[in-house]
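Here is a short walk through one protein model. Keep the sequence and the 3D view side by side as you read.

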Amino acid sequence: EHLEIEDSLKEIISNGLDEHILTESKRDIKIYKNDNNNWCIRDYGRGIKSSNFKFDINNDKQDNHDIIGMYGYGLKDAIGNLYHWEIKFKIYTRSYIFTPIMRPKEDFPDEETLHTEIIKNTTYEINKGTEFIFDNLTLENITKAKEKFISFIRFGKI
């Protein structure tokens with residue numbers, strides 16, 4: 001609860017920057033507004049997989065010293081924090097659409113926890129990478145997140 005919205009966005013951007021390095025992508029991550037006036041964060045990496053939603057060491061990141069994350073805490077914390085702040089979003093990849101939802105725990109039906117609903121992507125065209133599409137972010141949220149990166153400040157991308 002001590003994290004702000006921009007802290008969560010910073011984690012999502014960091015994951016995109018990691019993917020850019022790991023895949024040696026020629027395309028930079030994009031932070032933009034789409035045709036529906038929704039803020040989006042888009043990378044051109046390998047795309048989030050369902051296995052990225054569990055806590056574990058990412059072997060691809062383990063030996064690379066240019067990478068920011070490795071254990072997967074950032075993604076999970078970001079999702080939980082955005083849900084806490086009532087920021088609505090979906091995560092799109094070529095194969096799947098991931099949506100955070102509250103539902104009862106399997107062994108404790110009276111207790112709800114945050115889960116990720118996974119459905120096959122048959123509607124949104126994305127050939128490579130991951131795209132977060134947010135329903136209710138503001139320019140201020142995006143600007144504060146970008147201010148956490150020297151590359152955005154140094155190259156006037158804020």
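Start with Phe-134. This residue is buried, with a relative accessible area of 0%. The model is a predicted one. Phe-89 is buried too, at a relative accessible area of 5%.

Phe-89 sits in strand β3 (residues 89-92), while Phe-134 sits in strand β6 (residues 130-134), so the pair ties together parts 45 residues apart in sequence.

Now move along β3 to Tyr-92. Tyr-92 and Tyr-124 form another tilted pair, with 4.5 Å from centre to centre and 45° between the planes. Tyr-124 lies in the loop between β5 (112-120) and β6, so the pair with Tyr-92 links parts that are 32 residues apart in sequence. Tyr-92 is buried, at 13% relative accessible area. Tyr-124 is partly exposed, at 28%.

Charges also meet rings here. The charged end of Lys-30 sits over the ring of Tyr-32, 4.6 Å from its centre. Lys-88 lies over the face of Tyr-83, at 6.0 Å from the ring centre.

Helix α1 (residues 5-22) packs against helix α3 (residues 73-84) at an angle of about 145°, and their axes are 9 Å apart. Their crossing is left-handed. Ile-5 and Ile-12 are among the α1 residues in the contact, and Leu-75 and Ala-78 are among those from α3. The contact residues divide into five nonpolar, four polar and two charged.

Notes: Residues are numbered from 1 along each chain as its sequence is written. This is a predicted model: local features need pLDDT of at least 70, side-chain atom pairs count only at pLDDT 80 or more; totals for chains, interfaces and linings use all residues. Side-chain values use heavy atoms; hydrogens and water are left out. Axes are lines fitted to C-alpha atoms, for helices over the stretch in contact, and angles run from 0 to 180 degrees between N-to-C directions. Helices (H or I, at least four residues) and strands (E, at least two) are DSSP runs, numbered from the N terminus. A crossing is left-handed if the near helix is turned anticlockwise from the far one by less than a right angle, and right-handed if clockwise. Contact means heavy atoms within 4.5 Å. Ala, Val, Leu, Ile, Met, Phe, Trp, Tyr, Cys and Pro count as nonpolar, Asp, Glu, Lys and Arg as charged, and the others, Gly among them, as polar. Buried means under 20% relative accessible area, exposed over 50%, partly exposed in between (1.4 Å probe, protein chains only). Rings of Phe, Tyr and Trp (its six-membered ring) pair if their centres lie within 6.5 Å; planes under 30 degrees apart count as stacked, over 60 as edge-to-face and the rest as tilted. A charge sits over a ring if NZ of Lys or CZ of Arg is within 6 Å of the ring centre and within 35 degrees of the ring normal.
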